[in-house]
Amino acid sequence: SNATSRNVIMNCDLDGKLRFSETLILIKGTNIYNSDSNVLYNNRIRDFKKSGVIIDQYCNNTIIEKNSFYNTSTVSLYQSILANDSLGGILKIKGNYFGGSMPYCMGTPQLISSSEAYGIQLNRKHPQITEIDDNKFSNTRFTSSGGRYYPIMVRGGINKIGVEKGNLFGDTLHTGNIIANFFYAINNEVREFNLKSEHEICNNIISGIKAEYFSGIYSRAILLSDTGVAEMNIHHNRIGYPNLPLSIYSKSSNGFLNGIYIISSKVEGKVRIHDNIVCNIWSCDSTTYTSGSAINGINFKGLLFSPDNPSTSCTDSLIISNNKVFSLTSSHANVQSYANVNPGINGIWTVCRPDDIGIIDANEVFNIQSLQQTLSHYLTGMTLEGNIIARKNKIHSLNNKTSDGLLSGIVNTGAIQCINNFISIGCDYFGNDINTSVNIRGISSSLDTAKHS
């Protein structure tokens, strides 16, 4: 579709093996003739050499719904949907299937040999709106050792990801439904001048993933100007599934597993992380218990600025509330140090500037354990740095298998206020006493033994 509008492609079988082009569907307008209101519905888009669908410049109000994107043989380049459109309007991507060797993510796993692969990649500008909902990313494996899988990658724009029904990444019944070295389910990166993004991310399920490096929701901003990441509302997601013990699984001793990970040099506006469940993340060699990775349930590191005056800090931008983080397990919980904080396993790890004020409110962190029986380990309910108010949180059931290391309820390396928190350390999730001798601190000013209080 080149500079045409109101096209409908429906119920088609588009086979890349029968075509020479790298892209099966290209929608593109011009600065004189825009391409408007095109619909792709219920198509089978398979075996594309590079891209299934590209929405290029000067496009408006495109709908991509109930299509299946899959490959019947190993592919070296993979990008199901790429949107580079420069106009306004709403892009809707709903009810699609990504993965497998048959429609609806069925059949044998989709095999990818490239170092990077994208399900949906968006290069849109603020204030363009994208709705991504009710999609399924499943049944996919990487054959390369360093494979990176980004089911959803967004760079700029206003993004509503899973607002109505939610997207499914992986499977709620089986571990290893998706296998990749690096897995970032919902990923936002801002690297350009004058580009900013707003996000509402909710009702998504991320489970059944085997990866060396994992982030369920990952927002990274490397800013080159005064414009940064704007509003961010992350709520009611399930990262790891309560009924699947090894929902997120890794055997690596060098990786990093994060449920929600936000790292930004500039956030203009409010960040709300609330009512999420992060659970059943397992990093361990289940036979020898000699390898494993650092785990963070929720990890925020950012600079907060007022949207009305971007040169000043914002006093109430960050609120992390009513989240449940539980069943985080590693057999190598003494890796990845930061300053004088050594977060082997952290329920919530937050880093703010002294001028900012973050509020950590009414969260529950429990059933964190290390299976390492020889090396020292560090298990922490919350690690807080900066000007933070921690109130009404429940932290309990931190467990270990060795007497070397440290169990901490709250570790503070900044000017925090701890108000009405419940901290219970010394028994496991079932109420059994910990029999090994271990260092325990309810509230500590540092993991350095000379600085705790």
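**Getting to know this predicted model**

Q: Which residues does Thr 62 touch, not counting residues up to four places away in sequence?
A: This is a predicted model, so contacts here are computed from its atoms. Thr 62 itself sits in the loop that links β8 (59-60) to β9 (63-65). Once residues up to four places away in sequence are set aside, Thr 62 touches Ile 27, Asn 38, Ile 55, Ile 90, Leu 91 and Lys 92.

Q: Does Thr 62 count as buried or exposed?
A: A residue is called buried when its relative accessible area is under 20%. Thr 62 has a relative accessibility of 2%, so Thr 62 counts as buried.

Q: With which side chain does the side chain of Ser 51 make a polar contact?
A: Ser 51 belongs to strand β7 (residues 51-55) and is buried, at 1% relative accessible area. Beyond its neighbours within four places in sequence, Ser 51 is in contact with Glu 22, Thr 23, Leu 24, Gln 79 and Ser 80. The polar contact, at 3.0 Å, joins the side chain of Ser 51 to that of Gln 79.

Q: How many strands does the chain have?
A: The chain has 453 residues, and 58% of them are buried. Its secondary structure includes 0 helices, and the number of strands comes to 44.

Q: Among contacts between residues at least 6 apart in sequence, what share joins residues at least 24 apart?
A: Ser 51 and Gln 79 are one example of residues in contact. Looking at the chain's contacts between residues at least 6 apart in sequence, the share that joins residues at least 24 apart is 83%.

Q: Does Tyr 104 count as buried, partly exposed or exposed?
A: Tyr 104 is in the loop between β13 (97-98) and β14 (110-112). Together with Met 102 and Met 106, Tyr 104 forms a nonpolar patch on the surface, with about 320 Å² of accessible area. Its relative accessibility is 44%, so Tyr 104 counts as partly exposed.

Methods
Residues numbered from 1 in each chain as written. Predicted model: local features only at pLDDT ≥ 70, side-chain atom pairs only at ≥ 80, totals over all residues. Heavy atoms only, no water. Patch = residues over 30% accessible without salt bridge, like charges linked within 9 Å, V, L, I, M, F, W, Y side chains within 5 Å. Areas by Shrake-Rupley, 256 points an atom, 1.4 Å probe, with all protein chains shown as cover. Salt bridge = Lys/Arg side-chain N within 4 Å of Asp/Glu carboxyl O. Helix = DSSP H or I, 4+ residues; strand = E, 2+ residues; numbered from the N terminus. Buried < 20%, exposed > 50% of the residue type's maximum accessible area, 1.4 Å probe, protein only. Contact = heavy atoms within 4.5 Å. Polar contact = N/O pair within 3.5 Å; in protein donor to acceptor, adjacent residues only side chain to side chain.
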